Amino acid sequence: MRLELGNFHVKDIVFGEFTSFKDGVLTINKEEALSIVKEDEDITEADLLIVKPGDEVRLVPVKEAIEPRCRVSGGPVFPGVTGELLQVGNGRTHALKECSVLVVGKHWGGFQDGLIDMSGEGAKYTYYSQLKNIVLVADTNEEFEKREQQKKNRALRWAGMRLSEYIGSCVKDLEPEEIETFDLDPVTKRSTDINNLPSMVLVLQPQSQMEESGYNDLNYGWDCNHMVPTFMHPNEVLDGAMISGSFMPCSSKWSTYDFQNFPTIKRLYKEHGKTLNFLGVIMSNLNVALEQKERSAQFVAQLAKSLGADGAIVAEEGYGNPDADFIACIVALEDAGVKTVGLTNECTGRDGASQPLVSLDEKADAIVSCGNVSELIKLPPMKTVVGELQSLARDGLSGGWEGDEKLGSSVKEDGSIIMENNAMFCGDQVVGWSTKTMKDF
Amino acid sequence: MANLIPVAKTVGSNKIVPTISIPYPLGNPDTSKEQQWKLRYHRVGVALDALTTDIKEQTVFTVKI
Amino acid sequence: MKKAILYLNQFFGQIGGEDKADFAPVIKEGLVGPATELDKKLNNAQVTHTIICGDNFMGSNQDEAVETILGFLEDKEFDIFFAGPAFQAGRYGNACGVICKAVKEKFGVPVISSMHIENPGVEMFKKDVYIFKGGHSAAKMRKDIKTIAKFGDKLLNNENLLPAEDEGYFPRGIRHQVWLDSNTPASDRVVDMLIKKLNGETFETELPIPKADRVPIASPIKDLSKATIALVNTGGIVPVDNPDRIQSASATRWGRYDISSMERLKSGEFKTIHAGFDPAAADADPNVILPLDALRVYEKEGKIGKVHEYFYSTVGTGTTQAEAARMGKEMSEYLKEANVDGVILVST
C-alpha cells in the first residue's frame with residue numbers, strides 16, 4: 001500500500017464568501033458550512049468560531065477533533081462512517097495541516113468530554129491549543145442522553161466529520177505544498193536488507209468497552225467491541241479507517257485527529273528500513289471481561305509470532321481496568337518471545353501515592369509513560385468561554401465535580417477552575433505527542 | 001469476588017472467587033433469570049466456603065458454573 | 001529566621017561509643033557535633049537544638065524513646081527536623097527513620113535524613129522520610145550535610161522541588177507527571193526504547209514495576225452457620241437518589257444502606273452510578289453486583305448465621321488505591337463494631 005498525504009499548511013483561517021484555500025489562508029463560507037452541519041435534523045442549534053493559539057478562550061465540553069481532509073480519488077474520508085465502505089490507505093488524500101475541526105457542546109457535556117485552553121497555563125495540557133481550530137458549537141435534540149453522564153454524542157460527532165469533509169474538499173483539486181509518502185511492501189515481499197533488520201508490530205488497543213453500540217471507537221464503521229485483534233496496514237489508520245469513540249475519561253482518549261496523525265506510526269515509518277522492519281499494525285481492543293481480555297492478548301501474541309515479529313509496541317487508550325488488557329497483552333507477547341515496550345498513562349492519584357496501573361507484571365519491564373490522569377490542575381478565569389463552563393462541574397466530566405469536601409465545585413464564581421487532568425481534552429497524548437512523563441518524588 | 005483476577009492479585013487480595021464480567025459480575029443478562037440465579041447462588045456459595053478455608057497464599061477458588 | 005532541630009546518636013552526639021549505646025534521650029540547646037556543620041550550611045534556618053539518643057536505647061525501648069523525644073519537642077518552635085546522616089550504620093538508620101516519621105506525624109514539619117543505600121533504614125522509611133543518598137562512612141559527613149541542608153533550604157523557601165533522582169533522595173513511592181526539558185515526544189521515546197530492547201542495549205523504563213502489595217491472610221471462619229456475613233461492592237450500587245452523592249468516578253465517598261427488611265435488591269429502588277461500564281444489566285437487576293438474593297437463601301438454609309443489616313458501596317473506576325484503602329478502613333470500623341465475621345466484596 002502506498003499512501004500520499006498531500007499537505008496544505010494553514011497559516012490563517014477566516015470567514016468569507018467562498019470556502020477556499022489560497023496562500024496559506026483557509027476561507028470558510030460560514031453559512032454553507034452550517035448548512036452541512038444542519039443536514040442532520042437532530043442538530044438544533046449550531047455556530048462556527050475560529051480560535052487560534054494565544055486566544056484567551058476556554059473550550060468545554062469538547063467532544064471531538066478532526067483534521068479537515070478530502071479523498072482525492074473520491075469517496076468518503078471515513079468509509080463505513082460518513083459514506084460507503086471502501087479500502088483506504090492507498091492513493092492520495094489531501095489534508096489541511098496545523099488546524100482541526102473541534103466539536104463543542106453548546107450546553108451539555110459528559111464523562112468522555114474535555115476542556116481546552118488556547119492560552120495561559122492551561123494550554124500546555126492539551127495538544128489542540130497549538131492548532132488553529134474551526135470550532136463547531138452546537139446543541140442537539142438527543143433528549144434521551146441530555147442528562148446522562150455517558151453520551152454517544154452521535155449527532156455532534158457526525159456533524160464534525162461532515163464539516164471536516166466539507167472544509168477539506170476545498171483543496172481537492174489543488175496542488176499540495178508537500179507530499180508525505182507512506183509506503184510499505186507486503187510483509188513477505190521485502191528486500192533482504194529490510195528483512196535483516198529487527199522486525200516489529202505496533203499493537204493498538206482502542207477504546208471498545210461499551211457493550212451498547214454508539215460509544216466505542218469504530219474500525220471502518222465496525223464497533224471495535226465486536227472484533228478480535230486483526231492485522232492492519234498502518235496507512236489505514238492514517239487514512240480514516242479509525243474514528244474516535246465517545247467513552248473514556250478524556251485525557252486518555254484518542255481523537256479522530258490523533259488517529260489521522262498517529263505520531264508513533266509516523267516515527268516507525270522513519271525507522272523502517274533503517275533500524276527496524278515495521279511489519280504493520282495489530283488492531284486489538286479493550287474489553288470488560290477477563291476472558292475477553294485474555295482472548296485478545298492471545299490473538300495479538302499469535303499474530304505477532306506468526307508474522308515473525310521480534311518486537312512490539314503496545315499502546316492503550318484508557319486506564320483503570322484497561323490496564324489489565326494492556327499488561328495481559330505485553331505479558332502474552334513477552335511469553336511468545338516478542339520483546340515489547342508499552343505506551344500508556346498512569347493513575348497515581350492527586351497525591352501521586354497510588355499504584356500506577358491497576359494490573360502489574362514484572363515482564364512489563366519497558367514502559368513509556370505519558371502522565372497522571374488524576375493530577376490536580378487549577379486554572380485562572382479565561383476571558384471567553386466557548387460551550388458552557390458549568391458543564392465541567394455539572395455534567396460528570398471525568399475530571400470535574402460539583403462538590404468536593406475540600407475543594408468545592410470545579411467551577412468557581414469568578415470563572416476559575418479546579419479539575420483533574422482526566423478532563424483535559426486528549427491530554428495524555430498516548431498516540432505519541434506527549435512530552436510529559438512520570439517521575440518519582 | 002472479581003472478574004479481573006490480575007487486578008485482585010496485584011492489590012493483594014488473598015481469597016479470590018472469579019465473577020463473569022465487570023458490568024454484571026454475577027448474572028449475564030443474555031441468559032435466562034434461572035441461569036443467572038444458578039450462577040450467582042453457586043458462586044456466592046463458593047465465596048462463603050472460601051471464608052472458612054485456611055490458606056497459606058493468595059488463592060483463586062474454582063467455580064463450576 | 002526559621003528554626004531547625006537535629007537528631008544524633010550517642011556517637012555523633014559525643015556521648016561515647018558502643019558502650020554508651022543504651023544512653024537515654026536528651027535534648028541540648030545549641031549545637032553538638034555535626035549540628036555545627038548543618039547550622040553553617042543551612043541558609044534559611046538556624047539549628048536551635050540537638051537531640052541525642054543511644055542507638056540501642058531506641059532499638060530496645062522505641063516507644064519510650066519516641067515519647068520522650070516528642071515530649072522534648074512539644075514546647076519548641078521548629079520548622080524542619082533533621083536526623084543523621086546515618087551512613088551505613090543500621091541501628092542509627094532505623095533510629096533516624098523512627099524519629100523522623102514520628103515527628104512528621106505529630107508536628108507536620110518536613111523531616112530529612114541521609115543514609116547509604118545499603119542501610120536497612122532506607123527500605124524501611126523511604127516512603128515516610130526524605131532520605132538522601134549518603135556516603136558509606138563519616139568521611140562523607142560534610143558532603144552529606146551539605147546535601148540535606150541545601151534541600152532543607154529549598155523546602156523552607158517553598159521552591160519547586162525536582163524529581164527524587166534529581167534532588168538526590170530515595171523515591172518515596174510518589175509519582176507525578178512532569179514535562180521533559182528535552183521536549184522529546186512519547187513517539188520518539190517509545191520507538192527508541194524498543195530499538196534498544198531489540199538490540200540488547202540497556203534501556204530505562206519510565207514506569208518501574210513496584211513490588212506487589214501483600215495483605216496478611218485473615219484466619220478462616222470456624223462456624224459459618226453462626227457467622228454474620230456482610231456485602232460490600234465497588235460497583236456503585238446505591239439507592240436510586242444516591243443519597244451520599246458518591247461520585248461516578250474517582251470516588252472519595254462511600255455509603256451504607258439498610259437491607260435488613262429486604263429479600264433482594266429491586267430494580268427502580270437501587271441502581272449503579274459507576275461510570276466505568278455499561279449500567280444496563282445492574283440497573284435491571286442490582287443483585288448481579290450485590291447478590292443479596294443469594295445470600296438471603298443461604299441465611300434461610302442455615303449455611304450462614306445472618307446477613308449483616310447494611311451493605312456498603314463505593315465506585316472503583318478511577319478511584320486511587322489510597323482513597324480505596326482509606327474507605328476500606330472506614331468501612332471496616334463499622335463492620336467490626338457490628339461483629340461481622342466475614343465479608344463478600346464484589347468488585348466490578
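A polar contact is taken here as a pair of N or O atoms within 3.5 Å, where within protein one atom must be able to donate a hydrogen and the other to accept it. By this criterion, in what is a predicted model, chain A and chain C share 38 residue pairs in polar contact, both residues of each pair being at pLDDT 80 or more.

In total, the contact takes 71 residues from chain A and 53 residues from chain C. About 5400 Å² is buried between the two chains, with carbon and sulfur atoms giving 59% of this area. Eight salt bridges are found across the interface, among them one between the side chains of A:Arg267 and C:Asp188 at 3.0 Å, N to O. Strand pairing also crosses the boundary: S25(A) runs antiparallel to strand S7 (residues 175-179) of chain C, joined by five bridges, and A:Lys436 stands opposite C:Trp179 there.

Turning to the inside of chain A, strand S18 (residues 277-283) is mostly covered, with seven of its seven residues buried. Strand S13 (residues 199-205) pairs with S18(A) in the parallel sense over six bridges, placing A:Val203 opposite A:Ile282. Strand S16 (residues 230-232) pairs with S18(A) in the antiparallel sense over three bridges, and A:Met232 has A:Val281 as its bridge partner.

Note on methods. Residues numbered from 1 in each chain as written. Chains lettered and ligands numbered in written order. Predicted model: local features only at pLDDT ≥ 70, side-chain atom pairs only at ≥ 80, totals over all residues. Heavy atoms only, no water. Buried < 20%, exposed > 50% of the residue type's maximum accessible area, 1.4 Å probe, protein only. Helix = DSSP H or I, 4+ residues; strand = E, 2+ residues; numbered from the N terminus. Pairing = 2+ DSSP bridges. Contact = heavy atoms within 4.5 Å. Buried area = accessible area lost by both parts, 1.4 Å probe. Salt bridge = Lys/Arg side-chain N within 4 Å of Asp/Glu carboxyl O. Polar contact = N/O pair within 3.5 Å; in protein donor to acceptor, adjacent residues only side chain to side chain.
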